[in-house]
Amino acid sequence: MRIQDLQGKMEEQFRNHIIGSSPLRNELYLEVDSSGIKEICSSLESEFGCSLISLFAMDERENKGHFTIYYAFAERSAGLLIVLTVTVDPSQGIFPSISTKIPAAALYEREIQDLFGLHPLGHPGGKRLVFHGNWPENCRPLRRDFPLSSRPAFADEKMEFSTINGEGVFEIPVGPVHAGIIEPGHFRFSLAGEPILNLEAQLYFVHRGIEKLSEGKSIEKGFYISERISGDETFTNSLAYCQSIEKIAGIKVPDRAEYTRVLFAELERLTSHLGDLAGVCLDVAYGFAAYQIRMIRGWSYRVADELCGMRFLRSVNKPGGIRRDFVAGKEESLIALLKEIKKELEDTVDIVMHNSQFIDRVENTGILSNRIAVDLNASGPGGRASGIPYDVRKSFPYAAYGSLDFQVPVQNDGDVSSRVKVKVAECFQSISLMIQVIETMPTGEIKTELGMLAPYQFAFGLTESPRGENVHFIMTGENQTLLRYKVRTPSFCNWPALCHAVKGNIVPDFPLINKSFNLSYAGNDL
Amino acid sequence: MIVIANNLIQLLVILLLAPMVDGIIKKCKSLSQKRQGSPVLQMYYDLFKLIRKESVVSDTASWIYKATPYIVFSTAAVGALLVPISTLMPSVQFSGDIILLFSLLALGRFFMCLAALDTGSTFGGMGSSREALISSLIEPSILLSIFTIGLIADSTSIHQMMRAMTEVGNPFLHPVYILTFLAMLIIILAETSRIPVDDPATHLELTMVHEAMLLEYSGRHLALMEYGAAVKQLILMTLVANLFLPMDQLIPFAGEGAFILSIALYAVRVIFLSVVIAITEISTVKFRFFSIPNLAALSFILSFLGFLQYFVLGR
């Protein structure tokens, strides 16, 4: 489907509700009146087969006198984005909730309520999301008149959790501080004996105000903020940032830079997946396999060391290209190292996947059904293990992925075993991609000048992070600054999916299921 | 007099050797993971460190919480008095002392479960409920195994049973020994919280069994609890070493030299069993919690088959 066809079709079907429409690159922007938004959204999902990938608000009271809410949908087969915008009158401060039609919208709407103080009318559950009891009501940080330096009073309110009553049903609180060096998150289990009836995850303990912080920052500073969203997704976040800035600037990044970006993105994926696989093995007390995979992960850090001397892969990217020619002269040693990793990983996987006790632990554990995965827009290995054959690298090809050869592994059972299999297969795909990139890398420039960015321009940047679909939205302000930077990492969509996958399993299996998703707490809570 | 001296030697050897068993198992596991691992003597250092540290006690804890470390350690230590490390010298014995031994260990466990519930923390309760489930599942197989050996030895005194086992020649020619030996190995894994029943190295509270009960303990209380667990582990290994791998009959001479050699041989067998346990831990994966009854059933069936074998084939 071409974007003009889509535009025509939409305009005809919803001519009463659409106020204006403008296609821009592969993004179709439609201005919609708020009475029709629910109908359009649900038909976009059911008839056009689109998925809601981001939903956010913007405070445009200064220049337009209202708030705007953006609904971003992805048409994945054609690689199109459909962005609906609805204006919200500041004096009323309400907008219609679409969560009853599109479950994935529920979290975004709660986020908007917390950060902007706009009320989603008809939302099924109104509990606060981003801020806990100690943040005062009526303190809305993403409104532009909220100063960054203000220190809100400490509102000492108790957290509330949904409770399940019944004989023998009890709750166990876990966290927010956990054993081991992991991020903070509180999990409230409702149990009947060992089986879990319900899990409520109270996250958002690491709110750093990234979206507020980037308001008015220069393009350069915004880039550094994007690198610090989530430690192990540094490169992919910076890539999504660069992608949106480059779209706004309308420049074409040199091929050599595009290929190098693929190399780093796949290295990040490989390292992340190896860490997850080691974690899964350790959680079932399979020490041999865990340490073996950790050793291979150490080798992938050697690749990072060889390339840029840093395992976080920071300051590699740059809007307009990459900072240095990281690959030149290292081709042979890199390929030798990658082949070594591949061989050792093949041997290890062969042992692990033939261990019947290991298989017994991971099979049928933590099943995420396809229906729930689709409804919650679960992406990445978590979604692909539940039969969603979606990968941003194929649907919205970026960097050099369009000209490289790779497969997207898909499994249908949705259990821990499927996620492990998907991750294992992706590790091999990543290694093969990296070797391809090094072998076929074109010579030439590594960066182009960004030039001046016009104000009030906007674009989406989509990348496939190790955890899944990563959506960044940027709107530029005056004088080469950022007006709005909205980030939605895959963890935001996958956390609710995890809570569903846990139900019906027993408590000792929770760490294993959690590890098979391995979601980011910091990436979820900006 | 000699009897008492021998019992004291036996107690000392078990108390001194117990932390090392843990070190040997950990060392073997580290080597399988291409790691150097902690020193074999690490547990001694840890115990020494913990004993000098302050013990933090929760405000809500009752006397049970404070008394439990002493009960756990002293039941294990008294248990050590009952288990001869060598059959060459007489030691304190009476009929039914093996039942007393397992009752003492059960007493320690009972208080450990209570203490874990006492502070009202999240994980303690989960740990005790799981521990109670596992121990009640494994108990039938313990009783059946020791009574089978008791039938062969015609006694329920540990010393008598061990002596009887030295006289049977090659125990591996009799199916009854092999079956009860395997049953006892599974019992050791379950009783000492090893993989596949529990993971002693885990940091994940939600999956813990034994460790979850110790989470609230610190300082010298923790030292006593861990020491008690190590002693209990060695007691069980001593039983297996002297009942199923008897070597005292191989010593051709008598006297003090024979006694010392017998203790040395005992140490060799303990090290051997530690390596066997380490290899089991390395090569298996922790079972799904609700699969543990299958393991307990396997142990019970093995001991029951041994029991039947005794009636069919005799000794």
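This is a predicted model: local features need pLDDT of at least 70, side-chain atom pairs count only at pLDDT 80 or more; totals for chains, interfaces and linings use all residues.
When neighbours within four places in sequence are left aside, the contacts of Ile438(A) are Leu263(A), Val327(A), Glu331(A), Leu334(A) and Ile335(A). The C-alpha atoms of Ile438(A) and Ile506(A) are separated by 46 Å in space, and the two residues stand 68 residues apart in sequence.

The overall form of chain A was examined next. Its secondary structure consists of 17 helices and 15 strands. The C-alpha trace of chain A spans about 70 × 65 × 45 Å along its principal axes. Of the 526 residues of chain A, 50% count as buried. Among contacts between residues at least 6 apart in sequence, 67% join residues of chain A that are at least 24 apart.

Helix H16 of chain A, formed by residues 510-517, is mostly covered, with 8 of its 8 residues buried. These buried residues are Phe510(A), Pro511(A), Leu512(A), Ile513(A), Asn514(A), Lys515(A), Ser516(A) and Phe517(A). They pack against four helices of chain A, namely H7 (255-283), H12 (380-384), H14 and H15 (490-502). Just after H16(A), Asn518(A) adopts a positive phi of about 45°.

Two packed helices are described by the angle between their axes and the distance between the axes. Helix H3 (residues 63-82) and helix H4 (residues 97-118) of chain B pack at an angle of about 165°, and their axes are 9 Å apart. H3(B) is therefore roughly antiparallel to H4(B), since angles over 145 degrees are placed in that class. The crossing of these two helices, H3(B) and H4(B), is left-handed. On the side of H3(B), the contact is made by Ile64(B), Tyr65(B), Thr68(B), Ile71(B), Val72(B), Thr75(B), Ala76(B), Val78(B), Gly79(B) and Leu82(B). The residues contributed by H4(B) include Leu100(B), Leu104(B), Phe111(B) and Met112(B). By residue class, the contact of H3(B) with H4(B) comprises 16 nonpolar, 4 polar and 2 charged residues.

Ile158(B) lies in helix H6 of chain B, which covers residues 158-166. Ile158(B) is buried, as 29 other C-beta atoms lie within 10 Å. Apart from neighbours within four places in sequence, Ile158(B) is in contact with Leu82(B), Val83(B), Pro84(B), Gln93(B), Asp97(B), Ile98(B) and Leu101(B). Among these partners of Ile158(B), Leu82(B), Asp97(B) and Leu101(B) also take part in the contact of H3(B) with H4(B). Ile158(B) and Tyr70(B) are 88 residues apart in sequence, and the distance between their C-alpha atoms is 25 Å.

The contact between the two chains draws 22 residues from chain B and 24 residues from chain A. On the side of chain B that touches chain A, helix H1 (2-32) and helix H5 (122-153) are the elements that give two or more residues. The residues on this side of chain B divide into 8 nonpolar, 7 polar and 7 charged.

Technical notes
Residues are numbered from 1 along each chain as its sequence is written. Chains are lettered from A and ligands numbered from 1 in the order in which they are written. Axes are lines fitted to C-alpha atoms, for helices over the stretch in contact, and angles run from 0 to 180 degrees between N-to-C directions. Angles under 35 degrees count as roughly parallel, over 145 as roughly antiparallel, 65 to 115 as roughly perpendicular and the rest as oblique. A crossing is left-handed if the near helix is turned anticlockwise from the far one by less than a right angle, and right-handed if clockwise. Two residues are in contact if their C-beta atoms, placed from the backbone, lie within 7 Å. Ala, Val, Leu, Ile, Met, Phe, Trp, Tyr, Cys and Pro count as nonpolar, Asp, Glu, Lys and Arg as charged, and the others, Gly among them, as polar. A residue is buried if 20 or more other C-beta atoms lie within 10 Å of its own, exposed if 12 or fewer, and partly exposed in between; C-beta atoms are placed from the backbone.
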